[in-house]
Amino acid sequence: MHPPRVLAFCGWTGQNISSYHDDTQVGKTGEHTDTYHGRFMELKPYEKIVEELQFESAEESLKNSMTLTFLLEEIEEGTKLTVIHEGLPESISMKDNELGWLEALEQLRKILLLKEETIL
């Protein structure tokens, strides 16, 4: 995995906004929106990315810092990605967090496939 592609996936300009188009999904910042800001704590090209994030929310239980660690490992089939999510607010269920990660990883897959098609 090429580091700029991961940064494109992270979408980092210091702030990220996610909107839900499904009326059953409730946002943490607005009715159907999650807004969070953060910073890169560590960048080791082709090996590791560590981010510190914090939701922008009126709800105090959502304001604690979270740490995301992305570990990249070259394997025979390509690149193995391991994500460690620490500091998840207690008010966010594991099920909702898992769903969010599945959606995010699907977006990453699409970005990587698009880049491969562009390169070929």
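These legends describe close-up views of a predicted model. Residues are numbered from 1 along each chain as its sequence is written, and side-chain values use heavy atoms, without hydrogens or water. Local features need pLDDT of at least 70, side-chain atom pairs count only at pLDDT 80 or more, and totals for chains, interfaces and linings use all residues.

**View 1. Strands β3 and β4 pair in the antiparallel sense.** Strands here are DSSP runs (E, at least two residues), and helices are runs of H or I with at least four residues, numbered from the N terminus. Two strands pair if DSSP finds at least two bridges between them. β3 covers residues 48-55 and β4 covers residues 66-75. Six bridges join them. Glu51 has Leu68 in β4 as its bridge partner.

**View 2. A hairpin joins β4 to β5.** Two residues make the link. β5 spans residues 78-86, and its antiparallel pairing with β4 has nine bridges. Glu73 has Lys80 in β5 as its bridge partner.

**View 3. Glu42, Lys44 and Lys48 form a salt-bridge network.** A salt bridge is a side-chain nitrogen of Lys or Arg within 4 Å of a carboxyl oxygen of Asp or Glu. Glu42 meets Lys44 at 3.6 Å, N to O. Lys48 also bridges to Glu42, with the closest N and O atoms 3.6 Å apart. Glu42 is partly exposed at 26% relative accessibility (buried is under 20%, exposed over 50%, partly exposed in between; 1.4 Å probe, protein chains only).

**View 4. Arg109 and Glu106 meet in a salt bridge.** The N to O distance is 2.7 Å. Both sit in helix α2 (residues 94-119), three residues apart, so about one helical turn separates them.
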